[in-house]
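Keep the sequence and the structure open as you read.

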Amino acid sequence: MAYLSGRQRLAVVAALVLCLAAGAARAQLSPGFYSATCPAVESIVRAAMVRVVGQEPRMGASLIRLFFHDCFVNGCDGSVLLDDTPTMVGEKNVAGNANSLRGYEVVDAIKSSVEAACRATVSCADIVALAARDAVTLLGGPSWQVALGRRDSRTASMAAAQADLPPASDNISTLIAKFAAKGLDLRDLTALSGAHTVGSARCVNFRQHVYNEANVDPAFAMFRRRICPASGGDSNLAALDPTSPNRFDVSYYRDLMVRRALLHSDQELFNGGPADDLVRLYSNNGGAFNRDFSAAMVKLGNLSPLTGSTGEIRLNCRRAN
Ligand code: HEM
Ligand SMILES: *[C@@H]1O[C@H](CO)[C@@H](O)[C@H](O)[C@H]1NC(C)=O
């Protein structure tokens, strides 16, 4: 720019700033992202989820959790789906995911159908976001528009998964801090935890709560000890919401209010602390829960996506191209 006058330089800089701003705008997610390139994607995902949830309702829960674990670790970039390679230790075998996170085969099957309709166009990260939304709706919960345009990462990080995924032993302060680190507030934390209205947990994750803690209804603790012996049986499963394990409703919050949470972390949301009022609200206001849950899922889905020309559209969700 040496040969330009001061005013011309200013104009060049202004034009550059405009271009960058336009780039940033393009990089945002939008519901119509595939309307020209893969208009059938939403109906393909939806049809697959109708089949899957009809066969096994818990798989709906598993897809909801898969979305959470994808987005909470380096953003919604499909990183959780990557298998380990000789040179990369990914997220699948971290403590919070190993022998626990499910639904990889479902994503693979949906990806195959989507690839058959529109090759190398739709990211694995977007498929997970759509599948999670459809799972919530099919189990009786709310629906919302999913903004699309995420791209897939080329790597995954076991260390980030280790640091960011909350274990069942977390207390309310730690949960608040971990969600705040992702730009999610107390309302988002409390609403999103309502996903525990469906699905199951393993004995290893609730043994401590039902044997050694005080903030649990004694009859409920006895009831759960029958599934979960004091030692052994680590993988035995119990419903997170015993009242209606396959129904996306507010009974999870009602359970919390009578100290019938399965996980220590769940009961932390109703234990004389800052989330108590929201638990009370959601327990008797399904409309408020549905609104806040949907809004929080949209926020979760916006966590640092790869867009534009960053990342890639993986052809196989389990490995980088
Ligand atoms: C607030 C912090 C959270 C903690 C500490 C937590 C912890 C857990 C644990 C320990 C399990 C059982 C895993 C096992 O035993 O194998 C589980 C299951 C589940 N989590 Fe969370 N979770 C949290 C937040 C969330 C969020 C935000 C969502 C989704 C929006 C979610 C959705 C689920 C679902 C649906 C299941 C059941 C999955 C299945 O049955 O396959 N969780 N969670
Ligand atoms: C919550 O857990 C953290 C980390 O384990 C601990 O440092 C903190 O003291 C705990 N807070 C409360 C209020 O128990």
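Predicted model: local features only at pLDDT ≥ 70, side-chain atom pairs only at ≥ 80, totals over all residues.

Q: How many disulfides does the protein have, and in what pattern are the bonded cysteines paired?
A: A pair of cysteine sulfur atoms within 2.5 Å counts as a disulfide. By this rule there are 4 disulfides. Counted along the chain, the bonded cysteines follow the pattern 1-4, 2-3, 5-8, 6-7.

Q: How many residues apart are cysteine 38 and cysteine 118?
A: A disulfide joins cysteine 38 to cysteine 118, S to S 1.8 Å. Cysteine 38 sits in the loop between α1 and α2, and cysteine 118 in the loop between α4 and α5. The pair links distant parts of the chain, 80 residues apart.

Q: Is cysteine 118 buried or exposed?
A: Buried means under 20% relative accessible area. Cysteine 118 has 8% relative accessibility, so the residue counts as buried.

Q: Is the disulfide of cysteine 124 and cysteine 317 left-handed or right-handed?
A: The two sulfur atoms of cysteine 124 and cysteine 317 are 2.1 Å apart. The torsion about their S-S bond is about -95 degrees. The disulfide is therefore left-handed.

Q: Which residues are around ligand 2, and how much of its accessible area does the protein cover?
A: Asn171, Ser173 and Thr174 are the residues around ligand 2. A polar side-chain atom of asparagine 171 lies 2.3 Å from an oxygen atom of ligand 2. For threonine 174, a polar side-chain atom lies 3.3 Å from an oxygen atom of ligand 2. Of the 360 Å² of accessible area that ligand 2 has on its own, the protein covers 23%.

Terms used:
Residues numbered from 1 in each chain as written. Chains lettered and ligands numbered in written order. Heavy atoms only, no water. Near = heavy atom within 4 Å. Polar contact = N/O pair within 3.5 Å; in protein donor to acceptor, adjacent residues only side chain to side chain. Areas by Shrake-Rupley, 256 points an atom, 1.4 Å probe, with all protein chains shown as cover. Helix = DSSP H or I, 4+ residues; strand = E, 2+ residues; numbered from the N terminus. Buried < 20%, exposed > 50% of the residue type's maximum accessible area, 1.4 Å probe, protein only.
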